[in-house]
Amino acid sequence: MQVIGFPLIIIAGLLIYVFFLQQAGKKQFSTKKLFVMGMLATTSVNTLFILVLLGSTLIVEPFYIGTTLVNWIVVGVCASILIILAIWSKTWFSILIPVLLFIPDMLFRFSNLSDTTIFIIGLASFMLIFIFMIINLLIMDKRKKR
């Protein structure tokens, strides 16, 4: 289900983002409306991913589970891609957001904390990202007005 579902979701996500960016370009959205519409587009794509993940674990058993070495190789490749993207785009968002999302999870996998505590800390880091993004948008909007 994931082998077929994820490529379909990627295609659907690209279509959603292209449609969103075309509408934003045609109608010249304000910064706040652009942020809200972008969040709606991202939420819809993420919801599709979550539905495929949940559906695949409830319907079919996974046919491949990577070893610890394979998992660390994947983490290394992803980290390298994020660093290259940050250098290319000259911004730290492509590193900062994954770090805030995934480092707490990686740290707590090796701790003896309860699932509830890990969930609360993960949720707090996720909320901090959005607060940081909103503050950044407000600061940039004030700079543009000057």
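1. In this predicted model, the crossing of helix 2 and helix 5 is right-handed. The residues in contact are Thr31, Lys32, Phe35 and Met39 on the helix 2 side, and Phe130, Met133, Ile134, Leu137, Leu138 and Asp141 on the helix 5 side. Sorted by class, the residues of this contact comprise seven nonpolar, one polar and two charged.

2. The geometry of this packing is as follows. Helix 2 and helix 5, the latter spanning residues 115–145, pack with their axes 10 Å apart and at an angle of about 155°. Because angles over 145 degrees count as roughly antiparallel, helix 2 is placed in that class relative to helix 5.

3. Helix 2 also packs against helix 1, at an angle of about 170° and with the axes 10 Å apart. Helix 1 and helix 2 are therefore roughly antiparallel to each other.

4. The contact of helix 1 with helix 2 can be set out by residue. Helix 1 contributes Gln2, Gly5, Phe6, Ile9, Ile10, Gly13, Ile16, Tyr17, Phe20 and Ala24. From helix 2 come Leu34, Met37, Gly38, Ala41, Thr42, Ser44, Val45, Leu48, Phe49, Val52, Leu53 and Ser56. The contact of helix 2 with helix 5, in turn, has two charged residues.

5. The count of aromatic pairs comes to one. Phe6 and Phe49 form this pair, which is tilted, with 5.4 Å from centre to centre and 45° between the planes. Phe6 lies in helix 1 and Phe49 in helix 2 (residues 31–59), so the pair ties together parts that are 43 residues apart in sequence. Phe6 and Phe49 are also listed among the residues through which helix 1 and helix 2 meet.

6. Gln23 has a relative accessible area of 17% and is buried. Leaving aside residues up to four places away in sequence, Gln23 touches Gln28 and Phe29.

Terms used: Residues numbered from 1 in each chain as written. Predicted model: local features only at pLDDT ≥ 70, side-chain atom pairs only at ≥ 80, totals over all residues. Heavy atoms only, no water. Buried < 20%, exposed > 50% of the residue type's maximum accessible area, 1.4 Å probe, protein only. Contact = heavy atoms within 4.5 Å. Phe/Tyr/Trp six-rings, centres within 6.5 Å; stacked < 30°, edge-to-face > 60°. Helix = DSSP H or I, 4+ residues; strand = E, 2+ residues; numbered from the N terminus. Axes fitted to C-alpha atoms, helices over the stretch in contact; angles between N-to-C directions. Parallel < 35°, antiparallel > 145°, perpendicular 65-115°, else oblique. Left-handed = near helix turned anticlockwise from the far one by under 90°. Nonpolar A, V, L, I, M, F, W, Y, C, P; charged D, E, K, R; others polar.
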